[in-house]
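The following note sets out points for a colleague who is reading the model alongside its sequence. Each numbered point takes up one topic.

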Amino acid sequence: MRSPLDGKLGVRVTDWNPDRFVATMPVEGNQQPFGLLHGGATCTLAETIGSMAAAVHAARRSRSSGSS
């Protein structure tokens, strides 16, 4: 359950279950011109966590939409 964009940004799932989902992403290589984490990269991390967590949670009952 990993998208090509997740791979490019280095998103890595470190822990998951139906009640908890944890992922990391390096700042290095994902910065905007001022050296800070790029907002688009932050949104990608949030979207990845949300979609995967929804899929893991829904797997117990049904299917989620918007999953990676």
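**Notes on the model**

1. Setting aside residues up to four places away in sequence, Ala23 touches Val11, Arg12, Val13, Thr14, Leu45 and Ile49; contact here means heavy atoms within 4.5 Å. The model is predicted: local features need pLDDT of at least 70 and side-chain atom pairs count only at pLDDT 80 or more, whereas totals for chains, interfaces and linings use all residues. Residues are numbered from 1 along each chain as its sequence is written, and side-chain values use heavy atoms, with hydrogens and water left out.

2. The chain has 2 helices and 2 strands, in the order α-β-β-α from the N terminus. Helices (H or I, at least four residues) and strands (E, at least two) are DSSP runs, numbered from the N terminus. Of the 68 residues in the chain, 25% are buried; buried means under 20% relative accessible area, exposed over 50%, and partly exposed in between, with a 1.4 Å probe and protein chains only.

3. The accessible surface of the chain is about 4600 Å², and carbon and sulfur atoms account for 57% of this. The areas come from the Shrake-Rupley method with a 1.4 Å probe; for residues, only the protein chains shown count as cover. Among contacts between residues at least 6 apart in sequence, 36% join residues at least 24 apart.

4. Strand S1 (residues 12–17) pairs with S2 in the antiparallel sense over 5 bridges, where pairing requires that DSSP find at least two bridges between the strands. A hairpin of 2 residues joins S1 to S2. Val13 has Ala23 in S2 as its bridge partner.

5. In soluble globular proteins, nonpolar side chains tend to be buried together.

6. The structure holds 1 salt bridge, defined as a side-chain nitrogen of Lys or Arg within 4 Å of a carboxyl oxygen of Asp or Glu. It links the side chains of Arg20 and Asp15 at 2.7 Å, N to O. Arg20 is partly exposed at 48% relative accessible area, and Asp15 is partly exposed at 31% relative accessibility.

7. Asn30 lies in the loop between S2 and H2, yet counts as buried because its relative accessibility is 6%. Beyond its neighbours within four places in sequence, Asn30 is in contact with Leu9, Met25, Leu36, Leu37, His38 and Ala41. A polar atom of the Asn30 side chain lies 2.7 Å from the backbone oxygen of Pro26.

8. Thr44 lies in helix H2 and is buried, at 15% relative accessibility. Leaving aside residues up to four places away in sequence, Thr44 touches Leu5, Asp6 and Leu9.

Technical notes
Polar contact = N/O pair within 3.5 Å; in protein donor to acceptor, adjacent residues only side chain to side chain.
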